[in-house]
Amino acid sequence: MSGPPERNEIPVVAGEGTSKTRDDLQIDRKGFHPDDSISSRLDFLSEVVRLLPAGVTVQDEQGNFVLVNVAAAAQFNVQACDIVDVASGAPFRSRELDDRRNVACRVLQSAKTRVSEELIRTDHATKAYLTTHEPVLISNRKLVLSSSVDISRQKAVEEKLFRCAYYDGLTGLPTRRVIEEHANSLIRDGDDSVRFAVAFLDIDNFKHINDYYGHASGDGLLVEVARRLGLGLRATDMLSRISGDEFLLLLNPVQSDVEVADYVEFLLQRLKAPFFIDGSELFASASIGVSIYPDHGDSYEVLRQNADTAMYRIKNETKGAAAIFNSGMQREALARMEIEQSLRLAILDRRFCCAFQPKVDIKTSQIKGIEALVRLRDDEGIIQAPGTFIDLAVELGLIDELTHLVLAEIMRSIDLIDDTFGAGAGISINVAAKQAGNVAFMTSFARALEKTGCPARFMVEVTEDAFVAKTRFQAEILPILRRLGVGISIDDFGTGCSSLSALADITADEIKIDRSFIVDIHKRPRSQGILKAIESLSDALGMTVIAEGVETFEELAYLQAATRIRYAQGFYFSEPVFLEELQPGGWTVSDARKSPVSRLVEESRPAYSRANRHRR
């Protein structure tokens, strides 16, 4: 054969007098002595191929192996001679070798290079190889030259990255992305008969479980919840963990709302059984909201949002229950969104204002102090009661900024406040229970109080939940406030986690008895007994007692005649007074009660309601 070799044609033997290629000459110079025989050169090249770290095989047109190097034999966990010596067409000892024979035949038929991944199982492990099958012509023989590289480690890394991206590392459940794609594929590829449900599940009070038992137990609970939810699911259903304590369940197919409701109720009952985590018996419940395709949305995102809306509706009402989405919930969600947006804009535009309600000495009618109450002016300038925005501000994480705004508003008007109520009047500011347990916020708020130059004038009012449930408030925050001289008041006492034994452990300067104990106190002997018990214990502990929400002369007369309570607060003395209404030159209870405006407000005031109360 004259001329250069054709593509994929390799001259195996170069006899004397035959011209050598440039590569042949380089091999002569660098790898062989000029006097070496052709046989020794072939032995050398054969040994190189035999010891290559990559698996190399050569197969003929029938797929029979004519060459197998050491790495390839190890790859198949078979001796090389046991591969080469197999008779033409006879089965091999392993399925993988039979597959390799079939591949070789197809490569030669197509005359195209083929690259594929091979999984080869041996007695010890399963390994992945990237194999290139190349059709070649050697000495006028059509052969397949295959070379394999072990990519098992690379595949393991890829699998780990895939699991991290698409599966939750704690529970092993698919992530949000997987269930979203699955739902969208059902919508995209299904016909008009497709009907499935999306259930949004949130574990109730999971943060409290984490705080009390620790994060390890919390993680254990999540794993067990995932296990219970997954029991009995059909192959067409899918359960996903989409965030910390939130799960999404896709039920496909479903026939009716009743079927879905029954199954969800079954799940709720299953979750109510105790969990045994790290030697502790834990009880948990969940709130579930459900939306159904196509009734409640034509895309995954709409279905998820509507299920979320239903879940929050039931969570706010009762917890531990389930609800199927309806249009009324959507209207409520839109209204809530409008309030949320207006609340964020109000903070940006500084549309919050302060009103002040005096704490009055019921013996002398003198002012002991004032409580700063935050109010919101809407777009039309109408004052909004705190019941419409305080809880939402806490939920959205806006309450911290709002509390700082109240303090800033007080300090901007401190001279007018002093002229109206007296320079010695203490000033109370409300702090939400959630804030009270937040060391970062309370530390920053303490610094802000210190910067006023008169921190000892301030009283921080915190509901009793902050003392009973938030031990960090007692251990870390109280010492900071005490160092500054800031007073501590227990607000709304008697409506939260209160008990007289708990009161004995609370370090506070003032206790404010909730309005629910004061209303019609002169007609309610049992409330009178409770009031006397609280009064006696508070006296023994050196706490000042304030009766909240005094609204009638009869209530005041009873407090004056039958108790040792010295201070009170409520509409009987004064409605909250806004900054623009403050008048320099002093303020007295008699002035407030003679005011036509105050009298008009008092006479037209609606019945008491905690949602629309005078507090905060």
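Val48 counts as partly exposed because its relative accessibility is 39%, where partly exposed lies between buried (under 20% relative accessible area) and exposed (over 50%), with a 1.4 Å probe and protein chains only. Val48 belongs to helix H2 (residues 38-51); helices (H or I, at least four residues) and strands (E, at least two) are DSSP runs numbered from the N terminus. The model is predicted, so that local features need pLDDT of at least 70 and side-chain atom pairs count only at pLDDT 80 or more, while totals for chains, interfaces and linings use all residues. Residues are numbered from 1 along each chain as its sequence is written, and side-chain values use heavy atoms, with hydrogens and water left out.

Together with Ile38, Leu42, Phe44, Leu45 and Leu52, Val48 makes a nonpolar surface patch of about 450 Å².

Helix H22 (residues 525-541) has 17 residues, which at 1.5 Å a residue should span 24 Å; the end C-alpha atoms are 25 Å apart, in agreement. The expected span is 1.5 Å times one less than the number of residues. Ser527, Gln528, Leu531, Ile534, Glu535 and Ser538 are the buried residues of H22. They lie on the same side of H22 because they cover an arc of only 130 degrees around the axis, the arc being that of the directions from the helix axis to the C-beta atoms. Pro525, Arg526 and Ala540 are exposed on the other side of H22. Gly542 follows H22 and has a positive phi, near 75 degrees.

For helix H12 (residues 327-349), the 23 residues should span 33 Å, and the end C-alpha atoms are 33 Å apart. The buried residues of H12 are Gly328, Met329, Glu340, Leu343, Ala346 and Ile347.

The structure holds 34 salt bridges, each a side-chain nitrogen of Lys or Arg within 4 Å of a carboxyl oxygen of Asp or Glu. One of them joins Arg100 and Glu118 (2.9 Å, N to O). This pair links distant parts of the chain, with Arg100 in helix H5 (residues 95-110) and Glu118 in strand E3 (residues 114-121), 18 residues apart. Arg100 and Glu118 are both buried.

A salt bridge also forms between the side chains of Lys512 and Glu371 (3.0 Å, N to O). Because Lys512 lies in strand E19 (residues 510-513) and Glu371 in strand E14, the pair ties together parts that are 141 residues apart in sequence. Lys512 and Glu371 are both buried. Salt bridges with shared partners join Lys359, Lys368, Glu371, Glu461, Glu510, Lys512 and Glu548 into one network.

Terms used. Patch = residues over 30% accessible without salt bridge, like charges linked within 9 Å, V, L, I, M, F, W, Y side chains within 5 Å. Areas by Shrake-Rupley, 256 points an atom, 1.4 Å probe, with all protein chains shown as cover.
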